[in-house]
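This report describes selected helices and strands of one protein model. The structure is shown first.

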Amino acid sequence: MLCVLCADVCPVLRPADPDQPATLKFREPLQDDGYGLYSYELFARSTRSEIVEATQDGGVVSVLLQHQLETGEIQGAILGDVEEDNPQIGFARLARTAEEIMACAGSRYTFSPNTLALTEAMEQGVGPVAVVGVPCQVNGVRQQQHSTIRMAINRWYRDNVTLVIGLFCSEAFTHESVTALAERFDVEPSAIENINIKGKVIVRITDRETETLSLKQFRKYARPACLYCTDYAADLADIGVGGIGRDDWTYVVVRTEAGHKALQACIDAGRLETAKVSDFPKSKELLTRLSQQKANRPLPALMPTLQEREAAGDLDPKAFGKKLGEAKA
Ligand SMILES: Cc1cc2nc3c(=O)[nH]c(=O)nc-3n(C[C@H](O)[C@H](O)[C@H](O)COP(=O)(O)OP(=O)(O)OC[C@H]3O[C@@H](n4cnc5c(N)ncnc54)[C@H](O)[C@@H]3O)c2cc1C
């Protein structure tokens, strides 16, 4: 007998249910420009410069969470925090205060197992909660909310996860990537304060000028699992956010009623300022192109294995399959 349990719980293999827009209460009128259904989009950033400074892009994620916490919409947020001796390696954190939310701000380009903190929230009875994650984590949360396996746990997810913020994501990188960066710039990993990827890898190092590295060179450190992902803009999140197009602003794609309510509350409270995406048309073009690049990848089952890709030196997600094709020709 065929058991399809693994496919049913896999956020990558399991196709999205056709009734997802209704189930997740996507906000009408809906648009589809190739990066998931959405209602509207804008650039936003914190109205406080010290928050913009302390966060990855415009600080929208941290501001949304702080506002939700302070207005009692949530009791906690499922985030990623970091160790002091290696600030680029994340671990899961259930943040319960504005200070804890800010301590988690910024992006780690390694995989951060944020969603593990959901178990802590469930066990401690902390809810409702907001979840922040890259697209695979967003899809995992939706799976938990809407799968028919383990009904009691799924009900907890449905009732208690009230806001899902998805980070745009080309790929995450291995822990080895951080060691390699530290070696290249001849510093301890603890001195790498922040990494930002804007067409190139921008590395902020303690007491040093900012260093940059070609993204092409860095891509060999992409996590193998990320090569199978087809979701760039967190299509099933309430809000998708990224650092595309404009420095120090967050590109915000509002998809659902919950996302709209959370965002507008922050704007109304004067915590976020906004700008039109249409004034920066190149940013939208880039979002569309990067989303399409991922969406057009073959399904995982049709892809070459990691061993085949390694043998062909074909580990760059952007040129995926090209070298392998050449090797086979
Ligand atoms: C691995 C990764 C890849 C990304 N790739 C792209 C990209 O290709 N294009 C693009 O436009 N944007 C990308 N982003 C998103 C971008 O870096 C910012 O997170 C986003 O613009 C929000 O900025 P902010 O200032 O509003 O967020 P902040 O207010 O700084 O909050 C960021 C939140 O992200 C959480 N976080 C940090 N690291 C991780 C992680 N590894 N996994 C899950 N959650 C994490 C933190 O807990 C924090 O709550 C990526 C982010 C990550 C983590």
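## Helix α7

α7 is mostly covered, with 10 of its 12 residues buried. The model is a predicted one. The buried residues of α7 are Pro 135, Gln 137, Val 138, Asn 139, Gly 140, Val 141, Arg 142, Gln 143, Gln 145 and His 146.

The helix covers residues 135-146 and reaches 16 Å from its first C-alpha to its last, close to the 16 Å expected at 1.5 Å a residue.

β4 pairs in the parallel sense with strand β2 (residues 76-83) over 3 bridges. In this pairing, Gly 76 has Val 129 of β4 as its bridge partner. β4 also pairs in the parallel sense with strand β5 (residues 161-167), over 5 bridges. Here Val 131 has Val 164 of β5 as its bridge partner.

## The β6-β7-β8 sheet

Three strands form an open sheet in the order β6-β7-β8, with antiparallel pairing. β6 (192-197) and β8 (211-214) are the edge strands, each pairing on one side only. From one strand to the next, the twist averages 20 degrees. Helix α9 (residues 175-184) packs on this sheet and touches β6, β7 and β8. The direction of α9 makes about 110 degrees with that of β6.

Strand β7 (residues 200-205) pairs with β8 in the antiparallel sense over 4 bridges. Val 203 has Glu 211 of β8 as its bridge partner.

Key:
Residues numbered from 1 in each chain as written. Predicted model: local features only at pLDDT ≥ 70, side-chain atom pairs only at ≥ 80, totals over all residues. Heavy atoms only, no water. Helix = DSSP H or I, 4+ residues; strand = E, 2+ residues; numbered from the N terminus. Expected span 1.5 Å × (residues − 1). Buried < 20%, exposed > 50% of the residue type's maximum accessible area, 1.4 Å probe, protein only. Pairing = 2+ DSSP bridges. Axes fitted to C-alpha atoms, helices over the stretch in contact; angles between N-to-C directions. Contact = heavy atoms within 4.5 Å.
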